[in-house]
Amino acid sequence: MVEKAYRYRLYPTPEQESLLRRTLGCVRLVYNKALAARTEAWYKQKERVGYSQTSSMLTGWKKLDELDFLNEVSCVPLQQGLRHLQTAFTNFFGGQTKYPNFKKKRNGGSAEFTKSAFKFKEGKVYVAKCKEPLPIRWSRQLPKNCKPSTITVKLDPSGRWFVSLRVDDPTNHQLKPINKKVGIDLGITSLFTTSDGVKVSNPKHFDKLYKKLRLAQKSLNRKIKGSKNREKARVKVARISAKIADCRRDHTHKLTTQLIRENQTIVVEDLAVKNMVKNHKLARAISDANWGELIRQLTYKAEWYGRELIKIDRWFPSSKRCSNCGYITERMPLNIREWDCPKCDSHHDRDINASINILAAGLAVLVCGATVRAEQSKSVKPSAKKQKPK
Ligand SMILES: [Zn+2]
């Protein structure tokens with residue numbers, strides 16, 4: 001069984017749209033109130049407030065006259081919102097993410113319905129408090145004999161509605177094993193380079209979209225705050241951003257599916273993208289490259305299709321090491337695209353060489369269970385010796 005999410009466009013009737021908008025509004029309000037309560041408890045009393053406490057707070061809020069409207073929408077998405085807040089805090093305390101932010105109306109929003117709050121009958125989706133089925137544009141088929149376990153209704157910042165259905169797919173997707181392995185170097189000038197010598201770049205039409213986005217943002221900045229024209233300009237920016245995000249997702253899907261189909265074992269560097277994005281010079285290039293999404297897709301597709309993904313330590317000196325003889329150079333600035341090994345005279349393309357090293361390191365992990373950390377300390381020692389002449 002693999003869990004999959006299927007996303008479709010949704011065209012709610014005016015009546016449904018009004019209910020859904022109110023639901024999203026209530027989810028946002030409850031989430032923000034709970035976040036405020038948790039923050040205050042922490043800063044004032046150094047107390048940690050958990051999910052169950054926020055859940056009982058919600059029960060209390062629903063009894064207040066001024067928050068009576070919370071009873072008009074399904075309670076499930078409100079509870080789910082509190083669960084998402086709990087996850088956000090768990091990730092924050094685990095050091096993976098920043099402190100949770102308040103939700104803003106202009107970013108759209110979402111409402112998650114678990115089994116008790118929706119019905120799936122004869123291929124139609126009914127959500128709580130809504131008589132008519134949701135008008136969904138079924139752009140692709142759900143796997144046969146599948147019933148969604150959760151559905152999420154989403155409004156994006158440009159005003160488009162989506163519904164995402166989570167299903168457990170019993171179909172076996174495992175591909176026939178093949179004997180091919182590849183290493184991948186995530187790059188900046190190209191999206192990635194494989195140890196087969198293939199360089200993949202971002203599609204050219206992205207540049208055009210970015211130009212459009214920049215123009216739209218400039219126009220937005222000129223509009224007076226709170227004016228109707230500003231709202232129009234905001235939607236325009238949101239639409240172009242959504243278009244860019246869609247294109248990027250499609251492109252990444254194509255690439256990851258191809259990599260998974262053609263290779264049994266794929267080795268990547270486990271980059272802490274989040275840390276690298278802090279460097280502003282690299283930021284645009286890296287977020288364009290969409291590395292995090294690339295690795296995320298490879299991870300779940302490898303599992304679906306019975307392939308192997310190996311992530312190696314990000315401090316492995318993949319660029320500095322000669323893939324032919326193992327010599328490690330001291331410095332390898334980003335502007336050096338090609339180099340010659342001083343020891344064995346091999347001529348290297350920087351990225352192809354790195355991806356070959358990544359593949360080798362991944363295979364070492366696979367064969368002898370060696371950790372890449374061990375290899376790292378080996379590579380550090382010689383230079384450490386040089387620094388301390390006696
Ligand atoms: Zn060499």
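Two strands pair if DSSP finds at least two bridges between them. Helices (H or I, at least four residues) and strands (E, at least two) are DSSP runs, numbered from the N terminus. Keep both definitions at hand for the sheets below.

**Before you start**

This is a predicted model: local features need pLDDT of at least 70, side-chain atom pairs count only at pLDDT 80 or more, and totals for chains, interfaces and linings use all residues. Residues are numbered from 1 along each chain as its sequence is written, and side-chain values use heavy atoms, with hydrogens and water left out.

**Whole chain**

Colour by pLDDT, the predictor's confidence in each residue, from 0 to 100. The chain average is 87, and 89% of the residues score at least 70. Now select residues 372-390. Here pLDDT stays under 50, and the model has 12 contacts beyond four places in sequence for this stretch. Contact means heavy atoms within 4.5 Å.

Switch to cartoon. The chain has 10 helices and 14 strands. Of its 390 residues, 43% count as buried. Buried means under 20% relative accessible area, exposed over 50%, and partly exposed in between (1.4 Å probe, protein chains only). Among contacts with a separation of 6 or more, 70% join residues 24 or more positions apart.

**Stop 1: the mixed sheet**

Select β8 to β12. These five strands form an open sheet in the order β10-β9-β8-β11-β12, with mixed pairing. β10 (199-200) and β12 (308-312) are the edges; each has a single partner strand, so one side of each has no neighbour in the sheet.

Zoom in on β11, residues 265-269. β11 pairs with β12 in the parallel sense over five bridges. V267 is opposite I310 in β12, and E269 has I312 of β12 as its bridge partner. Look to the other neighbour. β8 and β11 also run parallel, over four bridges. There, V182 has I266 of β11 as its bridge partner.

How many residues of β11 are buried? Five of the five are, so the strand is largely enclosed by the rest of the structure. Show its side chains. In a regular strand the side chains alternate between the two faces of the sheet. T265, V267 and E269 are on one side of β11, I266 and V268 are on the other, and all are buried.

**Stop 2: helices on that sheet**

Select helix α5, residues 228-262. α5 lies across β8 (181-186), β9 (192-194), β10 and β11, and runs at about 15° to β9. Next, select helix α8, residues 291-305. α8 packs on the sheet and touches β8, β9, β11 and β12; its direction makes about 140° with that of β12. For these angles, axes are lines fitted to C-alpha atoms, for helices over the stretch in contact, and angles run from 0 to 180 degrees between N-to-C directions.

Step to L220 in helix α4, residues 205-222. L220 is buried, at 13% relative accessible area. Beyond its neighbours within four places in sequence, L220 contacts R230, A233, R234 and V237. The C-alpha atoms of L220 and R230 are 6.1 Å apart, although 10 residues separate them along the chain.

**Stop 3: the antiparallel sheet**

Which strands make the antiparallel sheet? Five do, in the order β2-β6-β7-β1-β5, and this sheet is also open. Its edge strands are β2 (109-114) and β5 (136-137), each pairing on one side only. Select β1, residues 2-10, and β7, residues 161-169. Nine bridges join these two antiparallel strands. K4 stands opposite V167 of β7.

**Stop 4: the cores**

A nonpolar core is a set of buried Ala, Val, Leu, Ile, Met, Phe, Trp, Tyr and Cys residues joined through side-chain atoms within 4.5 Å. The largest has 42 residues, and L134 and I151 have the most contacts inside it. Helix α1, residues 14-45, gives this core its largest share, nine residues. Another core lies apart from it, with 19 residues, including L191, L255, I260 and I295.

Centre on L134. Leaving out neighbours within four places in sequence, L134 is in contact with L10, Q16, L20, V125, V127, I151 and V153.

**Stop 5: two loop lysines**

Most residues other than glycine have a negative phi. K46, in the loop between α1 and α2 (51-63), has a positive phi of about 55°. K46 is exposed, at 56% relative accessibility. Finish at K129, in the loop between β4 (124-127) and β5. Its phi is also positive, about 70°, and K129 is exposed at 51% relative accessible area.
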